[in-house]
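Have the structure open as you read.

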Amino acid sequence: MKTEDVLPISSALALAAVARSTLRMNIIVTGLTFGVVHVLVSSIVRSRKARSLAPGPTLWPVLGNVLQLPMENPWETYSKWADIYGDIIHVEVLGQPIILLSSAEVAKDLLDKRSSIYSNRPHMASYGVRSVSIPARPHELLIRTSVASVGFSQGFVLQPYGEEWRRQRKIANQDYNQATVPRYYNLQEAQARKLVESVMNDSSSLVDEIKMRIASIIIDANFGYEVKSKNDPFYTLPLLAMEKFGQASVPGAFLVDFIPQLRYLPEWMPGTGFLKTAKEWRKIMTDASWTPYLWAKENVPKGAAHTPNMCATALSRAGGQLSKEEEFSLVWAGSAMLGGGLDTNMSTVLSFIVAMLRYPEIQAKAQAELDSVIGTTRLPSITDRQSLPYIRSLITEVHRWAPVIPLCLPHALTEDDVYNGIHLPKGSLVMPNVWHMLHDARVYEHPEKFIPERYNSSDVEMQKVTDLVFGFGRRACPGMYFAQGSIFAIVTTMLATCEIVPIKDSQGKPVIPEVAYTSGTICFPKDVKASFKPRSPQAKVLLAQSSSAH
Ligand code: HEM
């Protein structure tokens with residue numbers, strides 16, 4: 001050992017002393033940190049307990065749970081939280097309480113049975129059209145200032161629980177309730193057949209074609225107007241409005257979402273381009289909503305519109321003359337029904353196609369039922385529903401397997417409430433985790449598998465699924481019965497006339513889509529491509545005959 005390698009004893013002692021004191025310091029600092037954290041956490045836990053709030057992940061001062069909330073597929077994280085904290089979870093974002101509900105029983109107890117206080121939508125202040133940005137989940141759930149300023153929140157989907165919501169909802173209910181929807185069966189069947197005929201000829205148009213046919217059904221039922229083509233402005237304008245809605249909803253798209261006061265700046269000021277954009281988009285939204293109504297107003301009395309339709313019903317109930325307020329409600333009810341019905345139906349039909357590609361044996365079983373009940377000399381009709389239990393189970397399983405709105409739409413609580421000793425604060429956002437309820441292995445064995453047989457053809461069992469996927473209480477989907485008709489018509493027409501098979505890649509291998517979904521409020525299966533082979537020459541003839549008849 002060289003001498004320079006040996007520390008002088010004094011240095012060694014000094015170092016040891018430094019090390020000891022550093023260690024002591026570390027122990028003290030660590031101890032203090034632990035102490036502070038312990039005090040903080042226990043005060044938070046005490047405050048959660050003292051306030052009788054539901055359990056949940058640690059609530060940090062000011063921030064609440066902002067850093068714990070997931071950005072992607074939040075329902076999956078919330079589902080894991082349900083295993084830890086139970087059926088009711090309380091989280092907060094910058095002081096805004098959010099209640100996550102994870103069991104069907106609790107969701108029904110609160111949102112259905114106490115719907116008089118659980119039927120609001122989140123909103124905080126007035127901005128011309130009532131709603132502005134709220135710090136809920138820091139992404140899609142926000143009703144943002146930009147969204148409000150463009151006028152997107154006038155339809156009753158986003159309206160607060162109040163008079164305007166009630167008026168619009170009543171208008172929609174008059175035409176879309178269980179008893180009235182059968183009058184749209186012909187329309188739904190005709191569009192379903194056109195859709196299938198088209199994708200049989202050109203499967204690359206699948207997504208566009210589904211979108212157009214579903215929109216055409218709703219536009220016709222709303223206004224009696226038949227969409228002529230994919231370039232028809234009665235179709236393109238609402239799509240453009242929805243696209244702008246999507247852009248306005250992107251967090252951070254507009255600085256005004258974070259600093260609402262910016263909206264008071266004069267338009268001539270540099271940096272206020274968003275005011276001009278908002279104005280332009282507002283015009284698109286207004287035109288998209290008013291143009292079809294004005295057409296109906298002129299053409300219903302002339303007998304030039306298809307009847308029945310929602311506008312015709314409202315006009316005739318008012319003796320042909322609507323007040324300005326009534327017109328406003330009718331126009332925005334129509335806009336909400338189109339906005340509410342388009343993506344939801346589209347996503348469901350696309351998920352059905354994914355399921356058929358992944359489970360060809362189930363497709364064959366459904367076709368066998370159709371062949372034996374309907375035969376091959378006619379096309380299925382929506383009125384055949386009662387005689388097709390396997391098809392009903394299959395559609396139910398699509399809803400369960402891939403719920404279109406996994407976290408429902410947020411409800412807001414208008415009064416303080418207490419449930420099983422848990423305090424639910426007034427103003428809370430209430431989000432039922434429908435995805436968890438439908439993927440809970442204790443309720444649905446192998447929830448990730450597509451198994452229509454799990455319902456044993458029991459309508460009671462199927463109803464348990466539809467009761468959840470279409471929402472709750474007074475806010476439950478007003479288009480449910482109508483949606484069921486469109487989906488049934490498309491599913492049965494496709495199965496009766498086509499083999500739904502995978503496309504082939506460049507090496508000739510079949511491309512089976514993954515079960516992969518976008519992560520928005522409404523989820524879409526990604527990259528759905530399929531080929532639609534006619535099951536028989538007769539099937540093609542039946543579709544062609546139906547097309548030429550309409
Ligand atoms: C598969 C199809 C559909 C599904 C799964 C679905 C699901 C839902 C859900 C979960 C809600 C929120 C309910 C709540 O807040 O508790 C909702 C609301 C709504 N849906 Fe649907 N929907 C579908 C089709 C339709 C159709 C076809 C229309 C119109 C023709 C429509 C119009 C609406 C409207 C206007 C609302 C807002 C209701 C309100 O806030 O009062 N939906 N839907």
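This is a predicted model: local features need pLDDT of at least 70, side-chain atom pairs count only at pLDDT 80 or more; totals for chains, interfaces and linings use all residues.

Residues are numbered from 1 along each chain as its sequence is written, and side-chain values use heavy atoms, with hydrogens and water left out. Helices (H or I, at least four residues) and strands (E, at least two) are DSSP runs, numbered from the N terminus.

**The sheet and its helices**

- Four strands form an open sheet in the order 1-2-6-3, with mixed pairing; two strands pair if DSSP finds at least two bridges between them.
- Strand 1 (88-93) and strand 3 (411-412) are at the edges, and each has a single partner strand, so one side of each is left without a neighbour in the sheet.
- Strand 3 pairs with strand 6 (residues 429-432) in the antiparallel sense over 2 bridges, and His 411 stands opposite Val 430 in strand 6.
- Helix 2 (residues 74-85) packs on the sheet and touches strand 1, strand 2 (96-101) and strand 6, where contact means heavy atoms within 4.5 Å.
- The direction of helix 2 makes about 120 degrees with that of strand 1; axes are lines fitted to C-alpha atoms, for helices over the stretch in contact, and angles run from 0 to 180 degrees between N-to-C directions.
- Helix 3 (residues 104-112) also packs on the sheet, touching strand 1, strand 2, strand 3 and strand 6, and its direction makes about 130 degrees with that of strand 2.

**The iron site**

- Cys 477 (SG), 2.3 Å away, is the single donor from the protein to the iron atom of the ligand.
- Donors are N, O and S atoms within 2.8 Å of the metal (3.2 Å for Na, K and Ca); water is not among the atoms, so sites may look incomplete.
- You will find Cys 477 in the loop between helix 15 (459-469) and helix 16 (480-497).

**Helix 12 against helix 13**

- Helix 12 (residues 360-374) and helix 13 pack at an angle of about 145 degrees, with their axes 8 Å apart.
- Residues of helix 12 in this contact include Ile 362 and Leu 370, and those of helix 13 include Tyr 390 and Leu 394.

**Backbone details**

- Most residues other than glycine have a negative phi, and most peptide bonds are trans.
- A cis peptide bond, with omega about 0 degrees, joins Thr 307 and Pro 308; Pro 308 lies in the loop between helix 9 (273-302) and helix 10 (310-317).
- Leu 94, in the loop between strand 1 and strand 2, has a positive phi near 50 degrees.
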